[in-house]
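Trainee: Could you walk me through this one before I start on my own notes?
Mentor: Gladly; have a look at it, and then ask whatever you like.

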Amino acid sequence: MPDGSESATTDLVNLADDFWDGFLRAKPAFATVIGDRRFDDRLEDRSPQAMQSELRRLDSVGAAATAIDPDRLGATERITRQMLIDEATGQATALRTGLHEWTV
């Protein structure tokens, strides 16, 4: 692994963990389906405020992952970094389409 990679790897691991927890928090029924019982008492919040909050979270994850220098990561971590960027920006793009406003 390149020099100085320990802090970059730690940052990436923490960001990936935060992304996953935020995803499950935003999609509590999905969390229940996969066996994570922490959010069993909730349904997905589809309010405009919740959608804006989720957009901010996704944009933040994408920006934070982009800010991690890939040259300070090993090959596997570079893939994880890119997947975080792709997933966060893809989810944000999908949310910006407004499709959720058509779902009953």
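Mentor: The axes of α1 and α4 come within 11 Å and cross at roughly 35°, where axes are lines fitted to C-alpha atoms, for helices over the stretch in contact, and angles run from 0 to 180 degrees between N-to-C directions. This is a predicted model, in which local features need pLDDT of at least 70 and side-chain atom pairs count only at pLDDT 80 or more, while totals for chains, interfaces and linings use all residues. Residues are numbered from 1 along each chain as its sequence is written, and side-chain values use heavy atoms, with hydrogens and water left out.

Trainee: Which residues of α1 and α4 make the contact?
Mentor: From α1 they are Thr9, Leu12, Leu15, Ala16, Phe19 and Phe23, and from α4 they are Glu77, Thr80, Arg81, Leu84, Glu87, Ala88 and Gln91, contact meaning heavy atoms within 4.5 Å. By class, the contact of α1 with α4 has 7 nonpolar, 3 polar and 3 charged residues.

Trainee: Switching topic, where is Arg57, and is Arg57 buried or exposed?
Mentor: Arg57 sits in helix α3, helices being DSSP runs of H or I with at least four residues, numbered from the N terminus. Arg57 counts as buried because its relative accessible area is 18%, and buried means under 20% (exposed is over 50%, partly exposed in between, with a 1.4 Å probe and protein chains only).

Trainee: What is Arg57 in contact with, leaving aside neighbours within four places in sequence?
Mentor: Its partners there are Asp18, Phe19, Gly22 and Phe23. Phe19 and Phe23 also belong to the α1 side of the contact with α4.

Trainee: And how far is Arg57 from Leu24?
Mentor: Arg57 and Leu24 lie 33 residues apart in sequence and 13 Å apart in space, C-alpha to C-alpha.

Technical notes. Helices (H or I, at least four residues) and strands (E, at least two) are DSSP runs, numbered from the N terminus. Ala, Val, Leu, Ile, Met, Phe, Trp, Tyr, Cys and Pro count as nonpolar, Asp, Glu, Lys and Arg as charged, and the others, Gly among them, as polar.
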